[in-house]
Each structure stands twice: as structure tokens, then as C-alpha cells.
Amino acid sequence: MDPVLIVQVALVVVVFQALLLSAAGMVWAERKVSARLQQRFGPTLTGPAGLLQPFADVFKLFFKEELKPKAADSVLFYLAPIISATTAFLAFCVVPFGPPTTLFGLLDRPVMLTVADVNVAVLVIFAVASMGVYGIVLAGWSSNNKYSLLGGLRASAQMISYELSYGMALAAVLVLGNSLSLVELVNAQSGYWFGFIPKWFVFLQPVGFFIFMTAGVAETNRAPFDFPEAEQELVAGYHTEYSSMSFALFFLAEYVNMVTVSAVATNLYLGGWHGPVLPPWLGILWWFAKLSALLFFYLWLRWTLPRYRYDTLMQFGWKFLLPLSVLNLLATAAGVLYFGI
Amino acid sequence: MGFETIGFYVLGALAVAASLGVIGQRNPIYSVMLLIGSFGALAGLYILLDSPFTAVTQIIVYAGAIMVLFLFVVMLLNVPREDAAEWDRSHPLNRPGARRLGAALAVFLVLELGWAVWHISTREAVAFKDISSGGISSVAALGRSIFTDYAFQFEATSILILAAMVGAVVLARKEQE
């Protein structure tokens, strides 16, 4: 068998497992960071520094009873968490996470460190993200619970509103990089200005990066934009009626989505695996460092800012973020025409 | 049979079955979900036609943006079942005139479909200029041909959509007291 094919298959398994593990890691990090920000210690008993806490959580969820309200729609009620988790994992399969490698000369031709190197990767991520909202909306509707329904309605309204700014911010990067392939976009960010400033798009697109991260937080329903599950108002929002592994799937989807948005931001704005000091073949370390920094930013944000009000969320999305992203796209296009980057 | 032929029949059957399901059952939420399935099968057909860009746009625009709005409205109205309009004799669509018009339109549609299928099966394939040479998968080639050769059609479609949007706003607007 072709060794490259074996590596490709191995890559699929590794990425899937790594995403599962990253969700566990994020749960642990979330607990630790929130604890530190509130002058607590967080989990300390399960394993060293509480590292086994997420696994204890998963085992607890495994052994819980799977409940379904009598009046719930039986097909959609079980389909909704599956849609959520599937789309979360699907989006990551077009994200590259390192330079092409031959695994230290083991292979006769280099393999790209991504599950699928699609030439419209950016649009694929956008399409899969827009499918992910169905999981939440259907969960809200099929539970036959007014709090769930409100959570689902909020999710769809929020995602429609912020998807526009998200797409506009992406479009500005596509204009700069003149490509739809994530690999080509990352490679457009190699090299330095004046010999020391790395050519990352974040320096050309500071406003775009701000819009992308803000809309990204809204797309993943994280605080301060966690309206679909706002616990003080909606019990637990769209997953009020879910228990056991169905709930775990929603939980998993939220963390995997966070990792995906951060990974895309790393590739689009922070130069992916390109960085100073380290040799190019160690670029994957740069990639993980940038990803971790963005993920920490997510946690930091959640435990620092209070939730918006629903009307301020909509006003912010439509009256500030969207006009700003349109202006950003126009300015970028004009700049590319004028300077011919 | 090659992979593409099998793929075409499987996806085509899925699209037709899902579309029939949309009009075949009464729960509007299921109709919306089946329509999304139909759009997904269409996107698969586009991929088989070697145009991933069109496929992804199909998913983003139709299955993603438009159907979320549909689902939003259906959930907001929260109708478990559609109105049984055909049993309601007083419904305006059940007047004899409306029924005859509907029957005539149905006959016309079947004739049109038959003509289209016969026409396509007999004529030579027409190669679109520009697109066929560069490959439709190239986004740059697609954009260039939309804004040069097909600029008029593109702008006309935009105006049509804008008119529909203005119409919807006018219809939905409450009269100022």
C-alpha cells in the first residue's frame, strides 16, 4: 500500500482524537482559568492538578439516564445533538495545522498536515458553520419547552446576524491573499517586512481580526454572547431537556467549535505555522502556540465580561459590526487596487 | 458504471425523494428539513460536475442562510400542522375559477418539462465560452464572466430580488396611524 495513503488515513484518526482531547483539555482549562480569575483553585483532587477532571465528567455523563420529554418530537430530538457534533468535527477537516512534512524522510513526497486540502476551504468552513445552527434550533424546537424554544430562536437570530460580519471579515482576507485555499492563504503570510515584522495579515487587517473574533465568539455562543443558553433567563436554553450523552454532544460541539474558530483565525490572521526564531519544520509548534493563545483569550473573555442584553446584541451586530465590516472590505479592496499587494 | 454515474443517480434520487417529501407531509418543520436535504443532494451533484465553488455557495446561501430564516419563521408561528385548505370550501383558493387556473398551469408545467427533457436529449451540448476553457471551478474565472459577459443577466436578477424585497417590506409594514 502507498505509505502516503496510510499517513492520510492516520491523519484522519489523529485529528479526530486530537479534537476530542482538545475539548477535554479546554474543559479543564476553563475550570482552572475561571477559578484563578475568581481567586479559587479549581479542580485539584482528580489527578495531578485536576487534569483527570474532564474524564471524570465524561464518565459521569455516560452513566446518566437518557431522558426525553413525552411531548418532544422523537426524531428531531435525537437528531439535533448529532447535527451539532457532526458539523463541529466536519469543519475542522479542511483546516491545515502545519507545513508539508515527509515525517523525517519516511515518505517519498511531502504530505500536507490537513485532513482534506480543499481549494475552497474557507467557504467550506463557512458552509459547515452555517449548518451547525440547525442542531441548536432543532434542539430548541423539538424539546417542546418554552425556554428551549426561546433559546433556539435566539440562536438562529444571533447566528444570522453575526454570520454576515463574519463573512465580510473573511472576504477582506480573501482579497488580500487572492485565494480561497487556507494553505495558500497561510503561505501568503510567510516572510518579513523590514526584516523583523512578520507578514501576518493581522497587521494589515487589525479591524478585520477584531470583527472576526467578535463574530466568532457570537457564532460559538460563548459569553458575553451566550444568549441561546443564558442560564439566568432561560434555565439552560436549547439544551434544557437534554441529559446524559445527548447533552455531552452539545457540550463537545461548543468546545470543538471554539477550537475550529481559533484555528481558522490562527491560519487567516496570525500567519499559521510561520513565525520567527524556530526553524520552518518546527512550525507546528508556532501553530499550537497561537491556537492556545486564542483559546485562552476565549476563556479570559468569558470570565471577565458580563452578558450583553439581547437588544444591545442585535444593535451591536447590525448597526456597528456589519457597517464596520463592509467599510473594512471596501478599504481593503481599495488598498489592494492602489498598492497592488 | 463509473463512480460519477452511480453518484449522479444516488444524489438525484435523494434530491427528488426529499423534494417529494417536502410537499408530501404536513409538519412544516419536517418540510424545511427535507428541503435542506434536497439542497444538500443538489450540492453533491454540483461537486460531481466539478464545480465545488457552486456547491459550497449552494450550501451557504440556500441551505444555510435562507432555510434558517424559513425555520425561524416556522418556529415563531409554531404551527404543528398546515391548514387543511382543500377541505375548506370557503377558502379563496377553492373557488372554481382558481381551481381551473391551477389545473391549466399544472398541464402547462408538465408540457414544459416534457419539452425541456426532449430538447436537451436531442440537441448538441453547447459550450459556454470562457468558463469551459478555464474550468468552472476557478472562482476568478467565474467572477470575471459574471461581471463581463453575463453582467446584464446578473444585474437584472439583482433588481428582481431587490423588487421582491421592497415588496415584502411594503406588505409587512403596518399603516402609520
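**Conventions.** I number residues from 1 along each chain as written, and I letter chains from A and number ligands from 1 in the order written. For this predicted model, local features need pLDDT of at least 70 and side-chain atom pairs pLDDT 80 or more, while totals for chains, interfaces and linings use all residues.

**Chain B.** I looked up the secondary structure and found seven helices and zero strands in chain B; helices (H or I, at least four residues) and strands (E, at least two) are DSSP runs, numbered from the N terminus. I noted the order along the sequence as α-α-α-α-α-α-α. Of the 177 residues in chain B, 16% are buried (20 or more other C-beta atoms within 10 Å of the residue's own, with C-beta atoms placed from the backbone). I then looked up contacts (C-beta atoms, placed from the backbone, within 7 Å). Among those in chain B with a separation of 6 or more, 49% join residues 24 or more positions apart.

**Where the chains touch.** I found 16 residues of chain B in contact with 18 residues of chain A. Helix H3 (residues 52-77) of chain B gives the most to its side, with 14 residues. That side of chain B holds 15 nonpolar residues, one polar and no charged (nonpolar: Ala, Val, Leu, Ile, Met, Phe, Trp, Tyr, Cys and Pro; charged: Asp, Glu, Lys and Arg; polar: the others, Gly among them).

**Helix H11 of chain A.** I recorded buried residues in H11(A), including Trp286(A), Trp287(A) and Tyr298(A). Helix H1 (3-37) and helix H10 (244-269) of chain A are among what covers the buried residues of H11(A).

Technical notes:
A residue is buried if 20 or more other C-beta atoms lie within 10 Å of its own, exposed if 12 or fewer, and partly exposed in between; C-beta atoms are placed from the backbone. Two residues are in contact if their C-beta atoms, placed from the backbone, lie within 7 Å.
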